[in-house]
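Me: I would like the labels in this structure set against their definitions. Here is the entry I mean.

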Amino acid sequence: MRKRKHKNKNWEKLDNTAVLFPAIASEETTNVYRISVNLTEEVDAELLQKALDMVLPGFDTFNVCMQKGIFWYYFETNNKPAPKVVKEHDFPCRYIEPYSNNNYLFRITYYRKRINLEVFHVLADGMGGINFLREITYQYLRLKYSDIAAVKKDRLSDYTSLNTEDSYVKNYKKSHAKGYATKRAVEIKGEKLSRGELGVIHGYMSVKQIKEAAGKYDVSINEYFVIVFIYSIYVEYLKRMKSDKAIVCAVPVNLRPYFDSMTTRNFFVMVSAIFKPDNEEYSFEEIAEIIKKSLRGQIVKEHLEELFSYNVSNQKNILLRSIPFFIKKIAMKLVYLSSAKANTSTVTNIGNIKTDKEYSPYIKSFHAMISVSAGQNIKGAICSYGDTMVFTFTSILRDTSIQRRFFRKIVEDGVDVEIESNGVYYD
């Protein structure tokens, strides 16, 4: 693993998805996600800092600061020391202030046996975050355990990519179809937690049991979680009543498998699971069929290509490119608010995280979470490691009836669930 050296300041454009995030980021809409690894022993802060210092120079995706140009933001190599590793003392997914973080757009914290990586989405999606956190964890374990270091040396895992291509531009095809709906969806409202607080609830369960539960309804694990979430909103928030607005759940789709990409930058699009309760008393099975058809009709390569190609075509438009950034920023905020209100919530699945066998005895589990955003006061994130699947709710609402209904339904379907919370709801 390379030690930090002074580098030339290279610059790079933001990818097509990333250009939006700086325009809309704020204390309330942070666009920060977290991936955490739970180890079998307490974290040594000094070794964790050393591991970060050693790993960061090799990751061009994270070793950057963001600069503002006349027309767009851009990335520039960051030659400052790595951000300081600190013990977690605040709520997760908070806004990352670059100026107090050596101009880096990520943070590393720890608490007891857990290492947290928080990332401003402008840098990378969940796959890029996994790459980075996994290598930091590996380096940490090599520093702590000489027997692992003797076998693995300071080299990257076979699972790790350092590719930084803009896969949106590479796979773009001319398109004129508008990709996303803007019709307003059901918005989950209610009494909010105190300003700055974020409620977190993890549900730990067996991958095998979840597969069996999803199989009862002939759906995938991802579809199953989305269906249970929408069902829970229908039952607890709409009280099984008709609605002139649909419950719409945005579902990010990882594009890498469809376009043979290994990029560590953003490469995903959003599809929408849509359920509009036009009649009284829908059963879970009926909702499952509606959502399954809704998702499967969208998750095909041609449609996914249309979604991101429309966005890239706007970025490539010569007239739009020549508009000063401050005007673009206003326009992007308006477009974002319109599209954000078209979704009730978001459920993201960063997939199954794999680790090399030499490190596995020291790694217990992973989990992920995403920040809330305009019009979306509760969200969900999924990841798995070995046979442990974790569904994590993040919410700024005091009421937890939707979360309770969600896990209750999963238990009814034969899944054992262990619940863990950050304690916000106990006062």
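Me: Where do the values come from?
Reply: The model is predicted, so local features need pLDDT of at least 70 and side-chain atom pairs count only at pLDDT 80 or more, while totals for chains, interfaces and linings use all residues. Residues are numbered from 1 along each chain as its sequence is written, and side-chain values use heavy atoms, with hydrogens and water left out.

Me: What makes residues 284-296 helix α9, and what span is expected for α9?
Reply: Helices are DSSP runs of H or I with at least four residues, strands are runs of E with at least two, and both are numbered from the N terminus. Helix α9 has 13 residues. The expected span is 1.5 Å times one less than the number of residues. For α9 that is 18 Å, and the helix reaches 18 Å from its first C-alpha to its last.

Me: Why are the buried residues of α9 said to line one face?
Reply: Buried means under 20% relative accessible area, exposed over 50%, and partly exposed in between, with a 1.4 Å probe and protein chains only. In α9 the buried residues are F284, I287, A288, I291, K292, S294 and L295. Seen down the axis of α9, these buried residues fall within an arc of 165°, so they line one face of the helix. The arc is taken over the directions from the helix axis to the C-beta atoms.

Me: Which elements do the buried residues of α9 pack against?
Reply: They pack against α7 (221-236), β9 (247-254), β10 (268-275) and α13 (401-412). Contact here means heavy atoms within 4.5 Å.

Me: Why are α7 and α9 called oblique?
Reply: Their axes come within 9 Å and cross at roughly 125°. Axes are lines fitted to C-alpha atoms, for helices over the stretch in contact, and angles run from 0 to 180 degrees between N-to-C directions. Angles under 35 degrees count as roughly parallel, over 145 as roughly antiparallel, 65 to 115 as roughly perpendicular, and the rest as oblique. α7 and α9 are therefore oblique to each other.

Me: What is the handedness of that crossing, and which residues meet?
Reply: α7 passes α9 in a right-handed crossing. A crossing is right-handed if the near helix is turned clockwise from the far one by less than a right angle, and left-handed if anticlockwise. Residues of α7, including Y224, I227, V228 and Y231, meet residues of α9 that include F284, I287, I291 and L295.

Me: What angle do α7 and α13 make, and what is it called?
Reply: The axes of α7 and α13 come within 9 Å and cross at roughly 130°. That makes α7 oblique to α13. The contact involves, among others, Y224, F225, V228 and F229 of α7 and S401, I402, R405 and F406 of α13. This crossing is right-handed.

Me: How do you know that the buried residues of α6 lie on one face?
Reply: The buried residues of helix α6 (residues 207-215) are V207, I210, A213 and A214. Seen down the axis of α6, they fall within an arc of 120°, so they line one face of the helix. On the other side of α6, K208 and K211 are exposed. The cover over the buried residues includes β8 (199-206), α7, β13 (378-385), β14 (388-395) and α13.

Me: What term describes the packing of α6 and α7?
Reply: α6 and α7 pack at an angle of about 70°, with their axes 9 Å apart. That makes α6 roughly perpendicular to α7. The contact is made by V207, I210, K211, A213 and A214 of α6 and I221, Y224 and F225 of α7.

Me: Is I221 buried or exposed, and how do you know?
Reply: I221 is in helix α7. I221 is buried, because its relative accessible area is 18%. Leaving aside neighbours within four places in sequence, I221 is in contact with V207, I210, K211, A214 and M389.

Me: Is T109 buried or exposed?
Reply: T109 lies in strand β6 (residues 106-111). With a relative accessible area of 6%, T109 is buried. Beyond neighbours within four places in sequence, its contacts are R34, V86, E88, R114, I115 and N116.

Me: Why does K153 count as partly exposed, and what is its phi?
Reply: The relative accessibility of K153 is 47%, so K153 counts as partly exposed. Its phi is near 60°, a positive value in a residue other than glycine. Most residues other than glycine have a negative phi. K153 is in the loop between α4 (146-152) and α5 (167-170).
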